[in-house]
Amino acid sequence: EVQLVESGGGLVQAGGSLRLSCAASGFTWDDYAIAWFRQAPGKDHEGISCLSSSDGGRFTISSDNAKRTVYLQMNSLKPEDTAIYYCAADESRLITNHDMCAASRFDYWGQGTQVTVSS
């Protein structure tokens with residue numbers, strides 16, 4: 001059974017940083033793609049990979065294959081970054097680079113972790 005568990009969210013002041021973690025289990029690591037998304041109240045899921053290049057590089061995604069964990073480092077946080085942050089996974093053969101920003105392409109989701117940025 002595919003399981004994704006996010007952690008590391010919380011309350012942070014504007015300008016601060018957080019590192020989120022997504023611990024994965026239940027599948028062959030090399031066969032799956034994992035992406036980060038966020039969802040603010042009343043809005044659709046937003047792919048973090050699509051933000052990284054257009055938002056001054058405040059978000060960085062990395063992974064530790066030995067720990068089966070994907071990280072999202074978020075710097076210079078703004079109040080508009082407030083959202084629930086999710087990691088999602090699906091078989092790599094089904095996911096293109098463009099799909100990494102498309103929530104509908106992923107079948108497996110974690111429970112999410114809340115990030116709140118105060119002004």
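1. Asp 81 and Arg 38 are both buried. In this predicted model, the two residues form a salt bridge whose closest N and O atoms are 2.9 Å apart. The pair links distant parts of the chain, since Arg 38 belongs to strand E4 and Asp 81 to the loop between E7 and E8, 43 residues apart.

2. Five salt bridges are present in the structure. One of them joins Arg 105 to Asp 99, with 3.3 Å between the closest N and O atoms. Asp 99 is buried, at 10% relative accessibility, while Arg 105 is partly exposed, at 39%.

3. Arg 93 counts as exposed because its relative accessible area of 67% lies over the 50% cut-off. Glu 91, at 26%, is partly exposed.

4. The largest nonpolar core comprises 26 residues, and those with the most contacts inside it are Phe 27, Ile 34, Trp 36, Leu 72, Met 74 and Tyr 85. Strands E3, E4, E7, E8 and E10, together with helix H1, each supply at least two residues of this core. Apart from it lies another core of eight residues, including Ala 35, Ile 95, Ala 103 and Phe 106.

5. Beyond its neighbours within four places in sequence, Tyr 85 is in contact with several residues, among them Leu 20, Phe 37, Arg 38, Ile 48, Phe 59, Leu 72, Met 74 and Val 115.

Terms used
Residues are numbered from 1 along each chain as its sequence is written. This is a predicted model: local features need pLDDT of at least 70, side-chain atom pairs count only at pLDDT 80 or more; totals for chains, interfaces and linings use all residues. Side-chain values use heavy atoms; hydrogens and water are left out. A nonpolar core is a set of buried Ala, Val, Leu, Ile, Met, Phe, Trp, Tyr and Cys residues joined through side-chain atoms within 4.5 Å. Buried means under 20% relative accessible area, exposed over 50%, partly exposed in between (1.4 Å probe, protein chains only). Helices (H or I, at least four residues) and strands (E, at least two) are DSSP runs, numbered from the N terminus. Contact means heavy atoms within 4.5 Å. A salt bridge is a side-chain nitrogen of Lys or Arg within 4 Å of a carboxyl oxygen of Asp or Glu.
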